[in-house]
Amino acid sequence: MTSDIIFKYFPDLTSRQKEQYEQLPELYNYWNSQINVISRKDIDLLFERHVLHSLGIAKVMPFVPGERVLDVGTGGGFPGIPLAIMFPETQFFLVDSIGKKIKVVNEVAKAISLQNLKAEHIRAEQVPGKFDFVVSRAVTQLKEFYPWVKGKFNKESKNELFNGILYLKGGDLQQEIAESKLVVRQYHLNDYFAEEFFETKQVIYIKGA
C-alpha cells in the first residue's frame, strides 16, 4: 500500500508534507526491526491502519496555528506524528510510559525534520502545562483515560469544537461510553474514508474540563 491513499483524502498537501509521509514506511520498517512498536502484520499496511487512521482526527478537527496538542500513550508516534506533519503550525507533545517507544518517536521525528513535535517518556498524569486538545488511540477504556487528562485543558478555545479529547476507538462503544458517564460526540470514520478497515472506527470527542 502506497502513500497515494493519504493523498487521495488530503489532496492539498505541500510537497514537503508529501515527502515526510513518504519517508515513514522505511523509517518504521527499520525501527520496528529494532524495537517492536507496530504489529508485524500491520507494518505493510502502515498508511491505512496507522497514518490514515491517525488522520481521521484531522477530518473531524482541523487544528489551527498556535494550538497545543497532547498525544497520550503515543506508542510509536500515532496519532501524533501524522497529525504533526498535517498541521506544521500546531505544537504537539507526545508522551508514553514506555521509554523505548519514545526513542522511536524521536528518531522518526528527527529523520523527517519535524520541528513542531516534542516527545517525552512520562506518564500522562505527570505532564505539566495546559493544552487545547488531547488525542489518543485506544490506550484504555474511556472511564480510565479521562481522569488522566482532566484539568489539562486551556480555558479559552480557538477552534470550532471547544478544547477537549479526540479519542480514536473501534467497535461497539455503547457500553464503554455508558460506563464512562461522559457526554461524548461520535464521529464515524467510514463517513470520511471508504476502506473496509474504517467500518467500525470512530473519533470520540469529549469536551475538556
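The structure is a prediction in which local features need pLDDT of at least 70 and side-chain atom pairs count only at pLDDT 80 or more, whereas totals for chains, interfaces and linings use all residues. Residues are numbered from 1 along each chain as its sequence is written, and side-chain values use heavy atoms, with hydrogens and water left out.

Helices (H or I, at least four residues) and strands (E, at least two) are taken as DSSP runs and numbered from the N terminus. Of the 5 residues of strand S1, 4 are buried, so this strand is largely enclosed by the rest of the structure; buried means under 20% relative accessible area, exposed over 50%, and partly exposed in between, with a 1.4 Å probe and protein chains only. Strands are said to pair if DSSP finds at least two bridges between them. S1 and S2 run parallel and are joined by 5 bridges, with Val72 having Val95 in S2 as its bridge partner.

Phe10 lies in the loop between helix H1 (4–9) and helix H2 (15–34), and its relative accessible area of 10% makes Phe10 buried. Beyond its neighbours within four places in sequence, Phe10 is in contact (heavy atoms within 4.5 Å) with Leu52, Leu55, Ala58, Lys59, Met86 and Phe193. Ala58 is 48 residues from Phe10 in sequence, yet the two C-alpha atoms are 9.7 Å apart in space. Helix H3 (residues 46–54) is mostly covered, as 8 of its 9 residues are buried, including Leu52.

Most residues other than glycine have a negative phi, and most peptide bonds are trans. The peptide bond from Phe78 to Pro79, however, is cis, with omega near 10 degrees, and Pro79 belongs to the loop between S1 and H5. Ser113, which is not a glycine, has a positive phi of about 55 degrees; it is located in the loop between helix H6 (99–111) and S3 and is partly exposed, with a relative accessible area of 36%. Ala138 likewise has a positive phi, near 50 degrees, in the loop between S4 and helix H7 (142–149), where its relative accessibility of 46% counts as partly exposed.

Grid points are joined across faces, edges and corners, and a volume is the space filled by probe spheres set on the points. The largest pocket holds about 210 Å³ of space, and among its 14 lining residues Gly73, Thr74, Gly75, Lys101 and Arg137 are the closest to its centre. The second largest pocket holds about 170 Å³, and its lining includes Arg68, Phe92 and Lys118. Strands S1, S2 (91–96) and S3 (117–121) each give two or more residues to this second lining.

Terms used. On a 1 Å grid over the protein atoms alone, a cavity is a set of points where a 1.4 Å probe fits but cannot get out, and a pocket is an open set with protein on both sides within 12 Å along at least five of seven lines; lining residues have an atom within 4 Å of a point.
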